Amino acid sequence: MARKMLIDGELSQPNAEEAHYDFDLFVIGAGSGGVRAARFSANYGAKVGICELPFHPISSEVIGGIGGTCVIRGCVPKKILVYAATYGGELEDARNFGWELNEKIDFNWKKLLHKKTEEIVRLNGIYKRLLTNAGVKTFEGEGKVVGPNEVEVTQLDGTKLSFTAKHILIATGSRSHRPSIPGQELAITSDEALSLEELPKHAVILGGGYIAVEFASIWKGMGLNVDLCFRRELPLRGFDDEMRAVVARNLEGRGINLHPGTNLTQLIKTENGIKAITDQGEELTTDVVLLATGRAPNTKRLNLEAVGVKLDETGAVKVDEYSRTNIPSIWAVGDVTNRMNLTPVALMEATCFAKTVFGGKPTKPDYKDVPVAVFSIPPLSVVGLSEEQAVDEANSDISVFTSTFNPMKNTISGRQEKTVMKLVVEAETDKVIGASMCGPDAPEIIQGIAVAVKCGATKEQFDSTVGIHPSAAEEFVTMRSVTRRIPAGSKPKPNNP
């Protein structure tokens with residue numbers, strides 16, 4: 001197998017006197033983290049190569065696409081579907097605002113699917129241009145590590161190319177995990193859910209995390225009958241318990257059938273669709289079953305263990321605080337490391353990697369006070385500590401401030417859906433150490449609140465800030481009365497019911 005070298009976009013034989021390595025950096029995986037690391041490293045003057053699997057909306061071990069999960073089959077197409085689903089409720093609400101609408105309003109799924117696909121193809125092209133404009137050499141094919149400083153790329157025609165690199169970065173992300181239940185091959189994952197040829201009438205969803213809750217909202221907003229099964233008492237384990245209860249209440253209020261404490265034990269193909277059997281003795285006949293029970297790191301085909309890179313029990317790449325593996329020349333960022341699996345966090349890790357390796361400024365990713373959002377309808381967004389986490393970690397009393405109110409829009413539309421906001425404050429320092437909101441525009445509002453929390457703002461500073469009126473956001477600066485005060489040393493409630 002000949003070793004190749006890229007010079008001015010052309011493959012040629014390397015001159016050993018010109019370069020010890022073909023590349024300063026070779027990145028396997030061109031998702032959010034990989035593209036960011038490649039571009040920023042190139043901007044520091046590094047010679048960078050990157051490889052990615054061929055593009056398709058539905059991934060597999062040999063299918064991917066520049067832009068990665070977020071752009072092609074994750075955050076971006078999901079948010080487009082959330083926007084579409086939100087119109088369902090908005091159209092209902094519009095009648096009380098004077099809009100005379102026909103009783104039956106049709107929804108054209110195929111038109112939305114076409115527009116969604118157009119957008120991710122456009123973004124795929126933008127990511128390709130970003131790499132080209134940064135001077136990064138891009139290869140389409142499957143990459144794997146064959147040595148501490150060597151990678152192999154198998155192209156679509158089966159041709160294998162080998163390159164040497166001073167540094168190798170693994171940024172291959174993760175894929176949907178399928179639980180081992182009889183009949184699981186009859187179900188779909190979020191990949192397929194974003195690209196269904198026909199919109200079903202009834203869906204059963206297994207899972208209680210982001211993806212399950214978001215698709216429950218999406219499909220209900222599009223008119224489906226939805227059953228959501230999850231093993232805990234409430235969905236969204238790990239979030240603030242009070243806010244989890246609000247989300248569950250809103251899901252039910254929108255007409256989603258919740259099945260807490262429930263798992264699926266078998267899927268059976270029938271004349272009427274798929275029969276989903278639960279461990280509670282229920283039999284749910286449905287058109288589609290979505291398995292949303294988590295994701296697994298994409299490491300199986302990378303040959304990492306053969307070259308000595310350590311993986312954890314989930315298959316994730318083990319790294320230090322700077323994203324370096326136990327092999328000094330090999331690094332990893334993003335979901336493949338299973339640290340905090342969010343696109344903006346992968347971008348942060350990639351930025352820190354480029355600064356550390358090529359910018360001359362060793363930088364650790366900072367996972368404190370990372371804001372997150374669940375795009376349910378309405379959405380939930382949080383930053384900092386939940387009440388349970390604050391009590392668990394506190395060295396002083398904790399003050400909790402809450403506000404529950406009917407948004408102005410709902411007073412006219414008649415929708416019975418409260419917005420809930422919450423601030424968690426460390427009593428001794430008066431610092432706001434956690435903020436959460438469930439209601440319209442929550443992610444847009446919490447992004448701004450996150451800056452204040454990250455800067456260490458106090459409750460007094462929140463209170464001294466003039467609100468924007470009339471807005472929901474102003475509630476965050478007008479919560480004057482303590483809802484409850486929790487003494488230091490109190491045993492926190494479990495955050496996993």
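Below is a chat about helix packing, a few loops and some backbone details in a predicted model.

Colleague: What should I keep in mind before I start?

Modeller: The model is predicted, so local features need pLDDT of at least 70 and side-chain atom pairs count only at pLDDT 80 or more, while totals for chains, interfaces and linings use all residues. Residues are numbered from 1 along each chain as its sequence is written, and side-chain values use heavy atoms, with hydrogens and water left out.

Colleague: OK, H1 and H8: how do their axes cross?

Modeller: The axes of H1 (residues 32-43) and H8 (residues 343-357) come within 8 Å and cross at roughly 25°. Helices (H or I, at least four residues) and strands (E, at least two) are DSSP runs numbered from the N terminus. Axes are lines fitted to C-alpha atoms, for helices over the stretch in contact, with angles from 0 to 180 degrees between N-to-C directions.

Colleague: Is that pair roughly parallel or roughly antiparallel?

Modeller: H1 and H8 are roughly parallel to each other. Angles under 35 degrees count as roughly parallel, over 145 as roughly antiparallel, 65 to 115 as roughly perpendicular and the rest as oblique.

Colleague: Which residues in H1 and H8 meet?

Modeller: From H1 you have Ser32, Gly33, Arg36, Ala37, Phe40 and Ser41, and they meet Thr343, Ala346, Leu347, Ala350, Thr351, Phe353 and Ala354 in H8. Contact means heavy atoms within 4.5 Å. The residues of that contact divide into 7 nonpolar, 5 polar and 1 charged. For the classes, Ala, Val, Leu, Ile, Met, Phe, Trp, Tyr, Cys and Pro count as nonpolar, Asp, Glu, Lys and Arg as charged, and the others, Gly among them, as polar.

Colleague: And which residues of H1 are buried?

Modeller: Ser32, Gly33, Gly34, Val35, Ala37, Ala38, Ser41 and Ala42. Buried means under 20% relative accessible area, exposed over 50%, and partly exposed in between (1.4 Å probe, protein chains only). The buried residues of H1 pack against several elements, including strand E3 (23-28), helix H4 (109-133) and H8. Just after H1, Gly45 takes a positive phi of about 105°.

Colleague: Switching to H3 and H4: which residues meet there?

Modeller: Val76, Pro77, Ile80, Leu81 and Ala84 in H3 meet Trp109, Leu112, Lys116, Glu119, Ile120 and Leu123 in H4. By class, that contact has 9 nonpolar, no polar and 2 charged residues. The axes of H3 (residues 75-94) and H4 come within 10 Å and cross at roughly 145°.

Colleague: Where are the cis peptide bonds you flagged?

Modeller: One runs from Ile377 to Pro378, with omega near -5°, and Pro378 lies in the loop between strand E19 (372-374) and strand E20 (380-384). Another runs from His469 to Pro470, also with omega near -5°; Pro470 is in the loop between helix H12 (459-463) and strand E24 (484-486).

Colleague: What about Leu236, what is its phi?

Modeller: Leu236 has a positive phi of about 60° although it is not a glycine. Leu236 is in the loop between strand E11 (225-229) and H7, and is buried, with a relative accessible area of 2%.

Colleague: And Asn303, buried or partly exposed?

Modeller: Asn303 is partly exposed, with a relative accessible area of 29%. Its phi is near 65°, a positive value in a residue other than glycine.

Colleague: Last one: what is Thr293 in contact with?

Modeller: Leaving aside neighbours within four places in sequence, Thr293 is in contact with His177, Pro179, Leu206 and Gly207. Thr293 lies in the loop between strand E16 (288-291) and strand E17 (295-297).
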